[in-house]
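Here is a short tour of how the chains in this assembly sit against each other. Have the viewer open and take it one contact at a time.

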Number of protein chains: 4
Amino acid sequence: MSDRQMPPAHPFDFDAIDGDKLHEECGVFGCIGVTDAANFVALGLHALQHRGQEAGGIVSYAPDHGFNSARRFGYVRDNFTKQSLMETLPGALAIGHVRYSTAGSKGAAIRDVQPFFGEFSMGGAAIAHNGNITNAEALRRELIERGSIFQSSSDSECIIHLMARSLQRDIPSRMEDALRRVEGAFSVVAMTRTKLIGVRDALGVRPLVLGKLGDGWCLSSETCALDIIGAEFVREIEPGEMVVITEQGVESTKPFRAKRSRFCIFEHVYFSRPDSIIGGQSVYETRRQIGVELAREAAVDADLVCPVPDSGTPAAIGYAHESGIPYGMGIIRNQYMGRTFIEPTEQIRNMGVRLKLNVNRALIRGKRVVLVDDSVVRGTTSRKIKEMILDAGAAEVHFRIASPPTAWPCFYGVDTPQREKLLAATMSEEEMRDHLGVDSLKFISLDGLYRAAGEDGGRNNAHPQYCDACFSGEYPVEPADMIEKGFKLKAAE
Amino acid sequence: MSDRQMPPAHPFDFDAIDGDKLHEECGVFGCIGVTDAANFVALGLHALQHRGQEAGGIVSYAPDHGFNSARRFGYVRDNFTKQSLMETLPGALAIGHVRYSTAGSKGAAIRDVQPFFGEFSMGGAAIAHNGNITNAEALRRELIERGSIFQSSSDSECIIHLMARSLQRDIPSRMEDALRRVEGAFSVVAMTRTKLIGVRDALGVRPLVLGKLGDGWCLSSETCALDIIGAEFVREIEPGEMVVITEQGVESTKPFRAKRSRFCIFEHVYFSRPDSIIGGQSVYETRRQIGVELAREAAVDADLVCPVPDSGTPAAIGYAHESGIPYGMGIIRNQYMGRTFIEPTEQIRNMGVRLKLNVNRALIRGKRVVLVDDSVVRGTTSRKIKEMILDAGAAEVHFRIASPPTAWPCFYGVDTPQREKLLAATMSEEEMRDHLGVDSLKFISLDGLYRAAGEDGGRNNAHPQYCDACFSGEYPVEPADMIEKGFKLKAAE
Amino acid sequence: MSDRQMPPAHPFDFDAIDGDKLHEECGVFGCIGVTDAANFVALGLHALQHRGQEAGGIVSYAPDHGFNSARRFGYVRDNFTKQSLMETLPGALAIGHVRYSTAGSKGAAIRDVQPFFGEFSMGGAAIAHNGNITNAEALRRELIERGSIFQSSSDSECIIHLMARSLQRDIPSRMEDALRRVEGAFSVVAMTRTKLIGVRDALGVRPLVLGKLGDGWCLSSETCALDIIGAEFVREIEPGEMVVITEQGVESTKPFRAKRSRFCIFEHVYFSRPDSIIGGQSVYETRRQIGVELAREAAVDADLVCPVPDSGTPAAIGYAHESGIPYGMGIIRNQYMGRTFIEPTEQIRNMGVRLKLNVNRALIRGKRVVLVDDSVVRGTTSRKIKEMILDAGAAEVHFRIASPPTAWPCFYGVDTPQREKLLAATMSEEEMRDHLGVDSLKFISLDGLYRAAGEDGGRNNAHPQYCDACFSGEYPVEPADMIEKGFKLKAAE
Amino acid sequence: MSDRQMPPAHPFDFDAIDGDKLHEECGVFGCIGVTDAANFVALGLHALQHRGQEAGGIVSYAPDHGFNSARRFGYVRDNFTKQSLMETLPGALAIGHVRYSTAGSKGAAIRDVQPFFGEFSMGGAAIAHNGNITNAEALRRELIERGSIFQSSSDSECIIHLMARSLQRDIPSRMEDALRRVEGAFSVVAMTRTKLIGVRDALGVRPLVLGKLGDGWCLSSETCALDIIGAEFVREIEPGEMVVITEQGVESTKPFRAKRSRFCIFEHVYFSRPDSIIGGQSVYETRRQIGVELAREAAVDADLVCPVPDSGTPAAIGYAHESGIPYGMGIIRNQYMGRTFIEPTEQIRNMGVRLKLNVNRALIRGKRVVLVDDSVVRGTTSRKIKEMILDAGAAEVHFRIASPPTAWPCFYGVDTPQREKLLAATMSEEEMRDHLGVDSLKFISLDGLYRAAGEDGGRNNAHPQYCDACFSGEYPVEPADMIEKGFKLKAAE
């Protein structure tokens with residue numbers, strides 16, 4: 001059931017039409033042992049806003065005030081900076097969540113916004129989830145059959161119901177119990193009245209890091225959110241690890257069957273912020289290095305290297321540096337663009353990418369331009385950018401893409417179009433070049449990408465070091481719900 | 001957990017301080033077999049707004065659109081009249097609910113607003129509940145122990161969880177199952193994808209009526225809501241009856257153990273609208289007749305009979321008619337008052353009843369005035385009105401009250417102060433007169449009230465025809481939760 | 001130019017369609033010499049809300065903060081009770097205004113909401129105006145020709161521009177200068193940094209009274225607004241009088257040519273609140289007396305006298321008392337109705353008067369009913385009420401109207417339909433009875449109305465004691481703008 | 001008088017505290033001869049949003065609908081993209097304005113938002129003004145003395161009052177008349193019912209360009225706003241030129257006394273968007289060239305050139321290119337920052353620049369970093385950035401500033417702190433370096449800046465080619481109002 005509480009009527013998702021990007025669906029953050037923890041959570045979520053812009057929520061606990069929560073559509077900065085709201089979230093323990101709206105869904109409801117909360121006989125618990133449960137529909141059917149009442153349309157709600165039905169006597173054990181039934185990729189941050197809990201799935205697909213803040217601790221999707229509050233980065237939570245943090249310290253267990261790590265390589269390419277550190281490596285440096293590899297793999301004689309702002313910038317810098325071709329800002333981004341419009345006029349609907357980007361005509365005119373972008377998803381934006389560049393008088397346009405062709409949907413917490421909408425699922429590189437109408441089009445190779453990400457020997461095809469299902473079609477966790485709905489694995493094609 | 005979604009910050013409940021009235025906590029309405037059923041539900045709820053002013057909700061079902069719901073704080077007229085909202089509630093089947101905010105609660109959340117919805121394995125159901133479950137806390141503990149996750153702080157949510165856990169195979173049977181575990185007073189309106197369901201508890205404490213609207217049917221707390229949509233009043237749902245209405249017609253069963261009816265007599269005194277018909281009798285006429293009985297029981301030599309507007313008006317008309325003393329509007333009500341203020345100034349907080357009522361000085365001056373009010377709860381407003389009347393130069397003030405002394409709290413869906421706050425719980429009639437500082441104070445007798453309500457022989461003390469616990473302290477259903485919390489029954493005092 | 005700032009899009013004025021009433025267009029209130037004067041002004045305006053429901057504004061002055069203003073659409077209680085707003089209006093001197101929206105105007109703008117403010121070389125002044133300037137269009141043309149820039153579409157803005165161009169050296173003298181150029185009916189409340197000023201036109205058409213509040217003073221459209229703040233009624237401002245109030249006291253002058261007073265008789269019939277005192281006489285008592293006169297002039301054999309709530313109530317009480325026919329509430333008013341709906345559904349548009357009124361069927365059935373209403377304007381509501389009464393089973397319906405037939409528009413600050421829309425302008429009493437489809441229809445005579453209003457000898461036709469142009473067509477001030485637009489005076493017909 | 005209509009209570013201007021930038025106060029845009037002109041104006045204003053983020057307004061004219069306007073606080077994209085609003089602005093002729101809020105003002109009012117409108121005897125006119133009137137206070141006093149009523153606190157309102165009082169018979173002539181009385185720097189876009197008018201002051205301090213859009217025309221502050229709507233850039237309006245555009249074409253006159261052009265050089269440095277063309281030269285290229293000049297004037301041995309995003313980026317690219325030092329993104333900007341916060345918590349107030357910028361630690365660590373910023377105003381942000389860079393482990397920090405020291409306030413439409421708040425007004429370059437605590441600090445020379453802006457011979461000190469008062473203290477128009485208030489010119493120091 002969709003509750004028409006929110007968001008405002010008739011939003012028009014500009015990104016859904018023109019953004020032509022994959023979108024991380026969530027960011028999570030939690031804090032324990034610090035005064036006004038919700039304030040730090042709000043700041044952490046602000047730093048993680050790129051992982052989910054539609055809505056955010058915070059739950060806090062204080063002994064005298066119990067659990068309190070606030071959930072809002074819109075940016076963190078527009079909601080969770082107000083004193084009047086933050087005063088309703090007292091306590092030294094809090095967790096929070098930002099989420100991305102899945103394009104085309106019939107309409108979001110505030111009840112779908114995390115964290116989710118459950119009252120158990122031993123007390124309450126709240127959880128925030130980044131990832132996707134690949135057997136959620138089967139679990140949901142089973143839970144309803146047993147008498148659970150779901151309040152949201154979010155698959156993540158399964159976890160709290162599984163916990164409610166666990167026979168275990170304490171909340172961390174119930175969470176273990178619940179997460180053992182869950183298939184898929186997830187990083188979870190949870191809280192009870194006294195504990196902050198973090199868990200990553202056995203493959204470690206989605207990120208989660210531990211930080212130290214004064215006498216307290218925090219958990220975050222990325223290190224950039226530790227920086228904003230001045231917390232010190234301690235370490236990554238390991239694949240398959242559960243940490244239970246109290247005021248006494250951090251206890252670590254490994255409740256799940258051990259597997260080889262398969263971290264999402266697209267976090268390096270696009271999802272994570274460039275100032276975050278993943279696996280000991282700077283995301284910015286990885287991206288710059290992708291540009292270097294691209295320049296080696298796909299050199300071209302040209303006058304100017306331009307990024308498609310802002311995600312193509314580090315790779316463009318690397319490409320320019322390696323190739324010796326001057327770097328310049330051929331495309332200027334309007335800083336006042338947001339993602340959605342409420343009931344826009346026809347003209348706004350038709351403006352598309354021009355609302356966001358403008359060509360720096362004086363720079364482009366007469367030049368042979370290398371355009372560096374992070375990925376090509378449906379190709380709609382790439383075509384428009386190419387047209388704008390040619391209209392401005394470029395002599396040649398060469399696309400260089402900082403990831404391999406995206407040919408497969410992600411089922412682990414990323415919003416991807418259906419497979420048939422992915423340009424690379426239906427066309428060869430040559431066909432794509434013709435379709436986009438550019439002078440040349442080159443994607444980095446999968447091995448090149450792995451090298452840039454620190455795997456000097458490239459991809460280990462027997463045991464790939466990353467999850468690269470969106471490029472390779474090799475899914476490390478079987479997407480059970482989707483297969484039931486008719487999705488065909490690569491082997492089955 | 002309280003979710004700080006809504007309502008707006010810092011409301012100041014004028015009624016809680018000055019209103020000095022008991023408040024019905026809910027009104028329910030449902031419709032089946034009519035185009036745009038939600039529209040009719042909205043109109044019905046508008047007519048039932050006096051039963052709950054804080055918030056309202058509507059759930060509708062249409063085969064192509066599934067279940068949809070909207071829940072809002074504020075008046076029905078301010079929310080459920082807008083085309084943009086009503087378009088999101090399509091279908092020929094809908095139910096709705098208005099609720100009163102319990103004064104002093106820490107802050108309401110939109111998730112507490114009914115109807116509640118549950119997805120079961122055989123499909124979804126929504127329910128709206130008028131009344132109170134006297135064993136709700138015990139039920140809640142039991143359900144949590146078994147693994148249910150409660151989403152609201154409302155006791156009515158128990159019903160949907162009990163239904164989810166029922167072993168029965170269809171929703172009406174599950175509802176029977178659930179309601180058999182529930183103690184207290186309730187009238188329930190519920191819906192599945194194809195059925196509109198109405199149930200009254202075995203004592204029939206709260207009202208529920210059946211109406212016919214073209215080829216469709218409706219269920220309503222009161223007949224006045226049938227009038228507004230032009231529906232024909234068919235009959236009352238009987239105590240202990242469940243009706244299941246489909247497009248084929250109305251099926252009636254009596255799933256609960258039969259008991260003698262104990263309808264709430266305060267519905268006659270104050271809760272119901274005067275243009276409603278209860279038990280075949282006009283509420284207006286009952287109230288007028290109370291005035292007649294009062295004039296007989298408590299005559300006084302005076303110049304003018306004035307109602308305390310608006311609830312005292314029918315009894316004042318009856319008193320004036322029977323006594324031959326002229327009737328006049330000695331107190332004028334400001335039509336632009338609402339019930340709450342958002343973050344009011346100190347001055348507004350202190351204005352109290354003067355914001356709502358003003359004395360008609362020219363009429364009152366020098367007169368011996370009989371003031372007719374419906375009830376005295378805490379006596380705060382009565383004192384202020386007396387002062388205003390004397391300031392305006394009245395020669396004498398005689399209070400005549402259209403109900404017996406309210407000495408006991410209600411546990412069946414009415415918001416009553418704690419017993420010690422009830423003036424009549426701690427004072428004799430004589431002491432109350434002195435406390436209020438009036439020349440005389442008389443309440444109608446319990447027998448007089450029963451006579452006015454159509455029981456010519458007065459109250460049958462062995463088997464009272466009504467629930468009159470607020471006057472008599474005789475509770476027809478044991479208030480289990482409250483007894484556990486320390487409430488003492490009359491026998492135990 | 002209409003500025004689309006406000007009010008909210010697509011309001012549907014229920015009254016404009018169904019209200020079928022004349023509407024006073026304004027109420028004014030001012031205070032000097034009291035702490036937080038704006039608070040008292042807000043309370044006064046709340047008591048005057050019946051004189052204008054669309055919007056309100058307050059200007060205050062404090063030596064350290066200068067002039068401040070706030071203007072809002074909506075009720076006073078919803079805007080001017082909030083501490084956060086009221087804190088922006090400091091000072092011991094303030095004036096305020098409530099206004100009615102003229103039905104059918106293209107859309108109101110916040111800039112049309114009074115008080116108006118002007119900065120002159122000797123300091124600032126704010127004015128609030130109740131009434132109408134009959135030569136406003138000619139004045140506006142002249143002022144524009146001379147170089148004034150109008151910011152609102154309100155005719156009242158002329159006054160501030162006339163003041164700006166006056167050659168006088170102090171603000172009260174400039175106001176005199178300005179008001180001498182103005183034709184029409186007006187009561188003005190104004191303020192400078194140190195003075196509260198009140199003026200009534202020479203005929204005294206619109207009311208204005210002086211009150212004492214502690215060491216300070218207030219000016220108000222009606223006495224009921226003095227009551228709410230506990231101010232003492234001192235006296236009415238006289239026709240043609242200007243009072244200039246400082247902390248030193250009240251100075252009175254008579255700057256205009258003396259004329260015989262012509263107070264608006266419709267203030268007695270409908271506009272003023274029944275608890276106000278006008279010309280030493282209670283409005284309630286005048287209305288009750290109209291009912292007495294009606295019973296004498298237009299007796300009928302019947303079973304029940306019912307008011308059309310709420311404006312017909314005092315006259316109905318008088319009619320019942322004089323005729324000996326029992327008084328009863330045959331029509332019940334929904335207390336939760338407001339005046340406008342935002343973007344309502346078709347169904348709401350069609351509901352009309354049923355959203356507001358319901359028949360008390362049990363009381364009406366089989367009876368011969370006398371319905372007492374204050375006036376008949378277009379007759380649309382009267383017809384619907386008659387139908388509701390007959391549907392409920394009344395045996396006979398007799399309309400008794402507490403004013404003479406309304407056959408002429410008002411040009412002195414009242415919103416009236418064009419003449420051809422007034423039922424009495426095109427039909428005889430007989431024709432109206434047939435049109436309304438009632439068993440009898442009687443209006444009080446003009447002499448009867450004057451007698452009820454305290455003129456024992458009835459109307460002095462040579463020198464009428466009141467302005468009764470809406471009944472008689474005799475306009476005490478020539479409506480120059482309207483005549484220029486083609487309006488024909490009675491003599492000219 | 002400040003009208004407390006808007007904006008929302010208690011905004012906290014992040015830029016005012018931490019932004020440490022000069023701010024252009026306005027952008028203007030107008031269109032004639034195109035269907036739904038207001039839509040194009042909205043898009044143009046969106047592209048000019050960097051020139052004013054606080055509020056925007058549009059006025060349109062259509063023969064059947066007259067003049068209509070809408071003025072709103074907030075971004076263009078949040079207000080002027082909605083169909084429901086844009087439908088209220090019909091017509092083929094429209095103008096618009098975006099404005100910056102002057103930090104520290106007591107509170108803005110919607111009535112201060114342009115365009116301003118005036119009704120004259122020959123019809124209405126609206127004007128939008130970019131710049132500042134240096135004799136506004138004297139003009140205002142004179143106009144008030146003559147009887148004008150000002151409605152806003154904006155100096156620009158003088159123009160419309162001067163026009164109202166002109167003896168000329170048509171609006172363009174009245175505008176000439178008015179602008180001849182006005183001193184200062186201005187670009188004005190205005191409209192009547194049939195004409196679009198553009199004017200630049202005789203020095204041409206603020207920009208204004210003419211574009212062709214199909215059969216219609218547009219006027220814009222910058223060329224980037226022509227690009228977004230696909231209009232063709234025709235030419236700049238010349239200093240001292242007035243163009244009157246009708247459907248017949250463009251008429252040009254030069255109503256003011258000719259002077260040498262003194263275009264604002266800070267438009268090149270910071271105000272204008274890099275994709276705009278000014279004086280035939282790309283703003284981006286000028287800024288890149290400033291970096292080149294800086295590398296020549298102030299070379300340093302270092303490992304990395306980083307821009308302070310986003311305004312330092314083009315100069316950093318130029319510096320890196322010229323110096324051969326690698327370019328990298330050492331500071332990452334949070335894309336989800338806005339400019340103001342509503343009632344923020346203490347913690348948010350204290351976060352400052354960390355809410356917006358984060359250091360890319362992995363890149364910076366151990367490096368000798370050249371930081372390129374566009375300007376140093378108060379130096380507060382520069383200090384914080386330096387601290388962040390050093391905290392991240394940089395070996396050395398060298399600041400290179402793409403403008404000369406900002407030592408004088410601007411009085412021509414730019415929001416500058418008082419002179420004593422400007423770091424360069426009170427410190428030498430050496431002192432500033434110590435104050436900022438960096439290893440070296442170098443500003444580009446005034447001649448270097450002129451060379452980058454296309455003046456190969458550098459600054460002509462006898463007749464400077466630009467207005468550079470903020471650097472040189474040489475004011476091309478005497479700031480009369482400020483001098484009256486005590487401001488001392490350089491000569492007077």
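## Ground rules

This is a predicted model, where local features need pLDDT of at least 70, side-chain atom pairs count only at pLDDT 80 or more, and totals for chains, interfaces and linings use all residues. Residues are numbered from 1 along each chain as its sequence is written, while chains are lettered from A and ligands numbered from 1 in the order in which they are written.

## The C/D pair

Two copies of a chain are related by a rotation about an axis and a shift along it.

As for the interface, 33 residues of chain C are in contact with 33 residues of chain D; contact here means C-beta atoms, placed from the backbone, within 7 Å. On the chain C side, strand 6 gives the most, with six residues (strands are DSSP E runs of at least two residues and helices are H or I runs of at least four, numbered from the N terminus). By class, that side has 13 nonpolar, 14 polar and six charged residues. The classes go like this: Ala, Val, Leu, Ile, Met, Phe, Trp, Tyr, Cys and Pro are nonpolar, Asp, Glu, Lys and Arg are charged, and the others, Gly among them, are polar. Since 100% of the interface residues of chain C are also interface residues in chain D, the copies meet through the same surface.

## Other chain pairs

Chain B and chain C put 52 residues each into contact. The chain B side has 26 nonpolar, 18 polar and eight charged residues.

Some pairs don't touch: chain A and chain C have their nearest C-alpha atoms 13 Å apart, and chain B and chain D don't touch either, with nearest C-alpha atoms 13 Å apart.

## Inside the chains

Chain A splits into domain 1 (11-264) and domain 2 (281-458), with bounds from an automatic or database domain assignment. Their centres, taken over C-alpha atoms, are 32 Å apart.

Over in chain C, helix 10 (residues 283-297) is largely enclosed by the rest of the structure, because 13 of its 15 residues are buried (20 or more other C-beta atoms, placed from the backbone, within 10 Å of a residue's own).

Methods:
A residue is buried if 20 or more other C-beta atoms lie within 10 Å of its own, exposed if 12 or fewer, and partly exposed in between; C-beta atoms are placed from the backbone. Two residues are in contact if their C-beta atoms, placed from the backbone, lie within 7 Å.
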